[in-house]
Amino acid sequence: MPEVDFELDELDADEEKYLDFYRQVAVHEDMLVPLAEHHTADGVHSYYVLFDRTATYDHPGVPQYVAVHLQRDQEKRTFDFDQAPLPLPAMAQSWLIHRGCPAGAIGLHPELGPPPVDEPTRALERRLAADGDHYAMGYSYTRDDPDDMVTVVALRALDERTPSPFRVVVEEVDTAAWTHSLREGGFATVAEALQWCDDRLSGKASPLPPVRPGASSACPASMPKASAPRPPGRSR
């Protein structure tokens, strides 16, 4: 099982910054599994996609992935950081890419989670990672049940002219075949998108409506704020 190393032992920070990093990231360091990481040659920047094994014991539905961007000042021997809990690995990749990480350098470890079941899944994951800044996340719920391992994410297009401005992305894990699928649907209103998420979690959802075609097929990655190998695999 890979272990994360933030490489901060020889760096200092003001006490508040260190405590923030400990509370937000490092408190469960031994339970964080690095699914992808990239470090710049000069050692200034490090980017991590982490699977948080403690999330399954947290409040129901919370995201199980954490994106972390570390910045080191080698002369001052200090560091700074930013982090975000996110419901899908591709969304964590997108968050890091739009903070300077090269897109080709943050690929997920192929053995640390169920692989994509088909090309539509792979294609949607690529678009989620690449076009994450086109959408804002408003709601997510991760279900950790082996009988129905699912994550639903509701997104809003930042460009109001985008066809189907509200999207729902659904990841489902087939625990028998140990694969995962990713699909998206398009909605005209936030209420419709959130209702579909509720219906899916209660087991009575209709098929996802298609995304209306438009001049651009840019896809979500992350709605106005509403109201997330087997372990440590990528999907619960």
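**View 1. Glutamate 7 is partly exposed.** Glutamate 7 counts as partly exposed because its relative accessibility is 45%. Buried means under 20% relative accessible area, exposed means over 50%, and partly exposed lies in between (1.4 Å probe, protein chains only). This is a predicted model, in which local features need pLDDT of at least 70 and side-chain atom pairs count only at pLDDT 80 or more, while totals for chains, interfaces and linings use all residues. Residues are numbered from 1 along each chain as its sequence is written, and side-chain values use heavy atoms, with hydrogens and water left out. Glutamate 7 sits in the segment before H1. Its phi is near 55°, a positive value in a residue other than glycine. Most residues other than glycine have a negative phi.

**View 2. The whole protein holds four helices and eight strands.** Helices (H or I, at least four residues) and strands (E, at least two) are DSSP runs, numbered from the N terminus. Read from that end, the elements run α-β-β-β-β-α-α-β-β-β-β-α. The protein has 236 residues, and 47% of them are buried.

**View 3. Strands E1 to E4 make an open sheet.** The order is E1-E2-E3-E4, and the pairing is antiparallel. Axes are lines fitted to C-alpha atoms, for helices over the stretch in contact, and angles run from 0 to 180 degrees between N-to-C directions. Two strands pair if DSSP finds at least two bridges between them. E1 and E2 (residues 45-52) pair over seven bridges. Glutamate 37 stands opposite tyrosine 48 in E2. Helix H1 (residues 15-24) packs on this sheet and touches E3 (65-73) and E4. The direction of H1 makes about 30° with that of E4. Contact means heavy atoms within 4.5 Å. Helix H2 (residues 89-97) lies across E2, E3 and E4, and runs at about 20° to E3.

**View 4. H2 and H3 cross at roughly 30°.** Their axes come within 7 Å. That angle makes H2 roughly parallel to H3. Angles under 35 degrees count as roughly parallel, over 145 as roughly antiparallel, 65 to 115 as roughly perpendicular and the rest as oblique. Which residues make the contact? H2 brings Ala90, Gln93, Ser94 and Ile97, and H3 brings Glu125, Leu128 and Ala129. The crossing of H2 and H3 is right-handed. A crossing is left-handed if the near helix is turned anticlockwise from the far one by less than a right angle, and right-handed if clockwise.

**View 5. Strands E5 to E8 make an open sheet.** The order is E5-E6-E7-E8, and the pairing is antiparallel. E5 (135-145) and E8 (179-187) stand at the edges with a single partner strand each, so one side of each lacks a neighbour in the sheet. The twist averages 15° from one strand to the next. Helix H3 (residues 119-130) packs on this sheet, touching E7 and E8. Its direction makes about 65° with that of E8. Helix H4 (residues 190-201) lies across E5, E6 (148-157), E7 and E8. H4 runs at about 175° to E6.

**View 6. Strand E7 is mostly covered.** How many of its nine residues are buried? Seven of them are. E7 pairs with E6 in the antiparallel sense over eight bridges. E7 (residues 166-174) also pairs with E8 in the antiparallel sense, over nine bridges. Glutamate 172 of E7 is the bridge partner of valine 150. In E8, serine 181 is the bridge partner of glutamate 172. Histidine 180 in E8 is the bridge partner of valine 173. E7 and E8 form a hairpin with four residues between them. In the turn, tryptophan 178 has a positive phi of about 55°.

**View 7. Serine 164 lies in the loop between E6 and E7.** Is serine 164 buried or exposed? Serine 164 counts as buried because its relative accessibility is 2%. Its phi is positive, about 45°, although serine 164 is not a glycine.
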